[in-house]
Amino acid sequence: MELDSALEAPSREESSLSGELSPSALGQAFSKILHSLTRPEARRGNVKDVALKDLGDLIEATECDRLFEGSGARLRGMPETLGQVAKAVEKYAAPRKEEEGGGDGHSEVAEKAAKVGLLFLKLLGKVETAKNSLVGPAWQTGLHHLAGPVYIFAITHSLEQPWTTPRSREVAREVLTLLLQVTECSSVAGFLRGENEDEKGSLSVILGLLKPDLNKESWKNNPAIKHVFSWTLQQVTRPWLSQHLERVLPASLLISDDYQTENKILGVHCLHHIVLNVPAADLLQYNRAQVLYHAVFNHLYTPEHHLIQAVLLCLLDLFPILEKTLHWKGDGARPTTHCDEVLQLILTHMEPEHRLLLLLGFLLLFYRDRILHEPLHWLIIGYLEVYDGPEEEARLKILETLKLLMQHTWPRVSCRLVVLLKALLKLICDVARDPNLTPESVKSALLQEATDCLILLDHCSQGRVKGLLAKIPQSCEDRKVVNCITKVQQVSEGAPYDGT
């Protein structure tokens with residue numbers, strides 16, 4: 001009991017007299033507060049709340065030169081002690097692992113964050129004052145130890161999350177603003193990477209502070225860690241990010257390799273940022289690009305279309321890097337690429353509506369220089385044959401897909417001429433005689449898109465479609481069908497068409 005009482009946070013009287021404390025007594029006072037802040041909550045009750053208040057009083061009463069400068073051995077360690085106190089205070093305000101049905105703790109976290117934010121504002125104010133009064137590196141040493149924990153606190157509570165409130169976000173943003181001012185940085189990116197070429201920046205320090213909480217066993221204990229890491233990563237671009245690749249890649253892979261879709265998407269976004277901002281040579285070294293590819297490729301088996309969209313965007317930027325090592329001389333079959341594997345998987349697990357839009361974007365962004373694949377035209381025909389309800393969204397989108405594919409793969413279209421022509425004609429006939437309650441505007445849009453596809457098909461086949469359609473107007477009595485065929489025939493072979 002005597003030991004416990006000796007280690008209690010300093011009393012109000014000690015705090016008020018801190019200006020008269022000897023260097024060793026001042027260091028001991030901070031050490032006592034640090035001990036109180038790092039002790040298990042269950043054993044100490046509200047001792048952390050008391051220690052936080054005493055810390056604020058002690059900082060306010062202590063002159064800045066006493067905090068950052070001195071000659072005693074204990075005082076020379078004062079900046080490091082302040083850094084440890086700042087880390088403990090940041091942990092005190094951090095959100096805890098969410099339990100089943102446990103949202104009640106969020107308001108308590110926000111209240112703690114507001115108190116801690118005001119304390120950090122006081123501490124940064126002391127640093128700002130020390131900058132103008134001290135000669136030498138003393139305040140810089142103190143700031144070096146403080147900047148990392150203060151930054152993590154500011155980002156944790158300035159983003160709009162369940163554990164924040166307008167008040168806590170406001171205080172956290174004030175802390176971030178003052179931190180940038182004290183460090184003489186014009187932006188967060190400059191703070192992380194360094195404002196000048198000869199400055200290292202604080203990213204290494206921050207990643208080091210995050211590392212203990214970003215391992216497989218602990219990363220979910222603090223729900224803010226993944227957001228702080230992701231947001232921080234997004235602020236650092238090339239050429240600065242490559243030197244931190246060994247530290248950011250494992251954490252990004254860890255977040256993406258989770259059972260929760262939200263975490264998967266967040267992790268894929270981190271990996272995509274790495275792909276965009278790290279040189280290809282660094283990604284190819286040690287097979288990192290292959291590791292990246294397999295990590296995101298496995299997400300394509302999920303039915304979550306938001307995740308698939310993030311994965312495809314990442315893969316589209318990763319494919320050129322992976323294919324740098326491929327060499328095709330054109331004297332045989334083109335080797336199967338990672339892109340082929342992705343397309344095959346998408347086609348195999350294709351589902352209606354939302355995946356159609358993803359497939360459309362994927363094909364147009366990357367497959368414009370590729371052949372029209374065998375399974376793909378059967379997929380298109382399958383969609384054209386199925387009624388999709390009054391809005392006909394799926395068939396309209398698949399017609400758009402077909403048009404754009406024919407534009408970009410026109411040399412290979414003629415070998416699919418008969419199959420595609422039959423499917424388009426069947427669609428036109430079905431729509432023209434549609435007994436369903438499909439709005440006329442939707443029918444007109446379908447007929448127009450199908451007609452455009454026929455015109456494109458005719459251009460790709462050097463006018464063969466016109467010859468095959470020549471006798472239809474004479475035998476067909478449906479006015480809508482005849483109008484579509486007539487439009488195709490009226491486009492002369494030599495006339496330019498804006499779809500090709």
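In which crossing, left-handed or right-handed, does H24 pass H28? The legends below begin with that pair. The model is predicted: local features need pLDDT of at least 70, side-chain atom pairs count only at pLDDT 80 or more, and totals for chains, interfaces and linings use all residues. Residues are numbered from 1 along each chain as its sequence is written, and side-chain values use heavy atoms, with hydrogens and water left out.

**View 1. Helix H24 (residues 417-432) packs with helix H28 (residues 479-490).** The crossing of H24 past H28 is right-handed (the near helix is turned clockwise from the far one by less than a right angle). Their angle is about 145 degrees, and their axes lie 8 Å apart. Axes are lines fitted to C-alpha atoms over the stretch in contact, and angles run from 0 to 180 degrees between N-to-C directions. Helices are DSSP runs (H or I, at least four residues), numbered from the N terminus. H24 brings Leu425, Ile428, Cys429 and Ala432 to the contact, and H28 brings Lys480, Val481, Cys484 and Ile485 (contact means heavy atoms within 4.5 Å). Seven of these residues are nonpolar, none is polar and one is charged. Here Ala, Val, Leu, Ile, Met, Phe, Trp, Tyr, Cys and Pro count as nonpolar, Asp, Glu, Lys and Arg as charged, and the others, Gly among them, as polar.

**View 2. Helix H14 (residues 225-235) is mostly covered.** Eight of its eleven residues are buried (under 20% relative accessible area, 1.4 Å probe, protein chains only). Among them are His227, Phe229 and Leu233. The buried residues of H14 pack against helices including H10 (138-158), H15 (245-256) and H16.

**View 3. His272 sits in helix H16 (residues 261-277).** His272 is buried because its relative accessible area is 14%. Beyond neighbours within four places in sequence, His272 contacts Leu313, Cys314 and Asp317.

**View 4. The largest nonpolar core has 104 residues.** Such a core is a set of buried Ala, Val, Leu, Ile, Met, Phe, Trp, Tyr and Cys residues joined through side-chain atoms within 4.5 Å. Tyr151, Phe229 and Leu315 have the most contacts inside it. Leu315 touches Tyr293, Val296, Leu300 and Val342, not counting residues up to four places away in sequence. Another core, of 40 residues, lies apart from it and includes Leu454 and Leu469.

**View 5. Ile455 lies in helix H25 (residues 440-460).** Ile455 counts as buried because its relative accessibility is 6%. Its C-alpha atom is separated by 9.7 Å from that of Gln490, 35 residues apart along the chain.

Key
Helix = DSSP H or I, 4+ residues; strand = E, 2+ residues; numbered from the N terminus. Buried < 20%, exposed > 50% of the residue type's maximum accessible area, 1.4 Å probe, protein only.
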